[in-house]
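Please look at the sequence and the structure below.

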Amino acid sequence: MAGRHRLLLENAQQLVLVCGRGEEFLLRDGAASLAVLRGASLVVGLDGCIKAVGQADVIRNQFSEATFERIIDCSGKCVLPGLVDAHTHPVWAGDRVHEFAMKIHQAGGGIHFTVEHTRKATEEELFNTLRHRLERMRRAGSTLVECKSGYGLNLETELKMLRVIERAKQSMDIGISSTYCGAHSVPKGKTAREATDDIINNHLPKLKELKLSGEIHVNNIDVFCEKGVFDLDSTRRILQAGKDIGLQINFHGDELHPMKSAEVRVTAMARAKCAAVLLPTTAYMLRLKQPPARKMLEEGVIVALGSDFNPNAYCFSMPMVMHLACVNMKMSMNEALAAATINAAYALGKSDTHGSIQTGKQGDLVVINSSRWEHLIYQFGGHEALIDYVIVKGKVVYQNERCRTMSSY
């Protein structure tokens, strides 16, 4: 096949497709046998989409007359889909490092400290910190990240945060799914009912106006449905109002305190094909009971993973999240990888374009300096010497010089 293309990755020891039959998500049995090619190559076109995947000799013959902007020899290395972080809070000012020691002793301040500092911060300050955080996520292999607002709790600051996320969408080589999360907490001086009415009557109409004008493109809406925050009735009202203006529904459910019987929740989620985005870092940092990942998997729930990056869970790394999911939630490495790729993409409504290596999908890829892909999970905190390249739309957005000079073992 003649013509010019953006990228050729050739001779990979393992090329982890994740999905072998174009699945939009993987349940437990599907994740048990991830699709992996050995001695394989792939081609990404000038449009940033994958044009061909297959055995190295077949691709070599098929594209013998083609030219490429870049060729990377992946001999002895593994190629995986770009990781998908399905739950983050990356836009805020005022870190809470002072609370870490307090939390170790069951104390701490809380969200209102961050809200106060985020309200005071300029848009430029928030953008610069967001940019650095997204760059660190990308270096850890994330190529699609869900980004929430939620540290404003008033219309002015929530919109400021969403404008910052929009700016990152337009200017950075990383996929972003943006989420309005004005119902992250009840603002000081308001009741939950008053906050709910304000969101429905003021925040969402303004958001609809800005969406129609093209100033802000928001994908999702999220509510913190939790004891002492927003109850089920308020959550339902806010989510319905968001759905009415075209937003995909997400919500924090049972993160801190279970609100309904586990059996009912799990069965309902499996029946509805609703993805459960589990947050191992949150349970770890706050010493909470681990989410029932095994029960969910056994009952047919689509399990995804997120870092929950925020001032309380300061973790940029989906490889570390996968490791924690395996150790603390008893997921297998296959299940964890599926949860951090195709299932996380499904949770964001993006599994048609992201989350697996497949012809026609976006060329978002991670190349690791190891002959077995499992090292990405096995090496807890080792990704900085392991991830060789991060690629978005066929363009190398991160190249790790340390992989030239040091072993990843």
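Leu 134 touches Val 145, Cys 147, Ala 168, Met 172, Ile 174 and Ile 176, where residues up to four places away in sequence are not counted and contact means heavy atoms within 4.5 Å. This is a predicted model, in which local features need pLDDT of at least 70 and side-chain atom pairs count only at pLDDT 80 or more, while totals for chains, interfaces and linings use all residues. Residues are numbered from 1 along each chain as its sequence is written, and side-chain values use heavy atoms, with hydrogens and water left out.

**Nonpolar cores**

Leu 134 is also one of the residues that touch the most other members of the largest nonpolar core, which has 46 residues; the others are Leu 162, Tyr 180, Leu 204, Leu 207 and Phe 230. A nonpolar core is here a set of buried Ala, Val, Leu, Ile, Met, Phe, Trp, Tyr and Cys residues joined through side-chain atoms within 4.5 Å, and buried means under 20% relative accessible area, exposed over 50% and partly exposed in between, with a 1.4 Å probe and protein chains only. Among the elements that give two or more residues to this core are helix H5 (123–139), strand E7 (142–148) and helix H6 (155–171), and H6 gives the most, with six residues. Helices (H or I, at least four residues) and strands (E, at least two) are DSSP runs, numbered from the N terminus. A second, separate core of 44 residues includes Val 16, Leu 337, Ala 340 and Leu 376.

**Helices H5 and H6**

The axes of H5 and H6, as lines fitted to C-alpha atoms over the stretch in contact, with angles from 0 to 180 degrees between N-to-C directions, come within 9 Å and cross at roughly 50 degrees. The contact involves residues including Phe 127, Leu 130 and Leu 134 of H5 and Val 164, Ile 165 and Ala 168 of H6.

**Helix H12**

Helix H12 (residues 318–329) is mostly covered, with nine of its 12 residues buried, including Met 318, Leu 324 and Met 329. At its start, a side-chain oxygen of Ser 317 reaches to within 3.1 Å of the backbone nitrogen of Met 320.

**Positive phi angles**

| Residue | Phi | Location |
|---|---|---|
| Asn 11 | about 65 degrees | strand E1 (residues 3–18) |
| Lys 273 | about 55 degrees | loop between helix H9 (262–272) and strand E12 (275–278) |
| Lys 330 | about 65 degrees | just after H12 |

Asn 11 is partly exposed, with a relative accessible area of 25%.

Technical notes. A polar contact is a pair of N or O atoms within 3.5 Å; within protein, one must be able to donate a hydrogen and the other to accept it, and residues adjacent in sequence count only if both atoms are side-chain atoms.
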